[in-house]
Amino acid sequence: MPDTNPHPLVVLLSEHHDQLYRYIFSLVGQAHDARDVLQETSFALYERFDSFDESRPFLPWAYKFAYIHVLSWRRRKSKEMPTISADVVELLAKERDEKQAELNERLSALEDCLTRLPEEDRRLIGNRYLQGTSPDAMAETLNTSRRTLYRDLKRIRHQLMNCIHHKVGMDGAT
């Protein structure tokens, strides 16, 4: 009988996919590029999984591979367009590592705050930021002006920001 248990890496990547994607996205800035780098990173993790020490956390190990692949992506892209220096990318990666706990807390708060929004507002946020629907397409679908759409999105973002600040105990919510 064939083994039906998934490979341990598949389990770990499934569990940590979003965090790894966000880490890469924070360093490359474009969703399609982040997906490409994530795919390359996942393949590299698979190739080197036998060197993973299962007694240690997976994400820091995976972040190292992601960082290497971000640098590789930058080298390839530098021929097509100007990119930020390697020093800046390294600084961003270090700062992201230092802020990981805070980012996780804010993400958890965001998820809770999103559930508190009216369904229509959640749908707007989902269409724009999760699905990446263009403002023009959204305005056309909703039969509204871009100005109205931007006003609604700004209002919702402001509500979410206030909710997050309240949940994580931050002062100075605007």
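How many residues does α2 have, and how far does α2 reach from its first C-alpha to its last? In this predicted model, where residues are numbered from 1 along each chain as its sequence is written, local features need pLDDT of at least 70, side-chain atom pairs count only at pLDDT 80 or more, and totals for chains, interfaces and linings use all residues. Side-chain values use heavy atoms, with hydrogens and water left out.

Back to α2: this helix has 18 residues and reaches 25 Å, close to the 26 Å expected at 1.5 Å a residue. Helices here are DSSP runs (H or I, at least four residues), numbered from the N terminus, and the expected span is 1.5 Å times one less than the number of residues. Asp-33, Ala-34, Val-37, Leu-38, Thr-41, Ala-44 and Leu-45 of α2 are buried, meaning under 20% relative accessible area with a 1.4 Å probe and protein chains only. These residues sit on the same side of α2 because they cover an arc of only 135° around the axis, taking the directions from the helix axis to the C-beta atoms. Over on the other side, Gln-39, Phe-43, Tyr-46 and Glu-47 are exposed (over 50% on that scale). The cover for the buried residues includes α1 and α3, where contact means heavy atoms within 4.5 Å.

Setting aside neighbours within four places in sequence, its contacts are His-7, Pro-8, Leu-9, Leu-12 and Trp-61. Of these, Pro-8 is 41 residues away along the chain, yet the two C-alpha atoms are separated by 9.0 Å.

Then there is the largest pocket, with about 1,200 Å³ of space. A pocket is an open set of points on a 1 Å grid over the protein atoms alone, where a 1.4 Å probe fits, with protein on both sides within 12 Å along at least five of seven lines; lining residues have an atom within 4 Å of a point. The volume is the space filled by probe spheres set on the points. Its lining takes in 30 residues, with Arg-22, Phe-25, Leu-107, Leu-110 and Leu-130 nearest the centre. Among the elements giving two or more residues are α1, α2 and α8, but the largest share, 8 residues, comes from α5. That helix has 17 residues and reaches 25 Å, close to the expected 24 Å.
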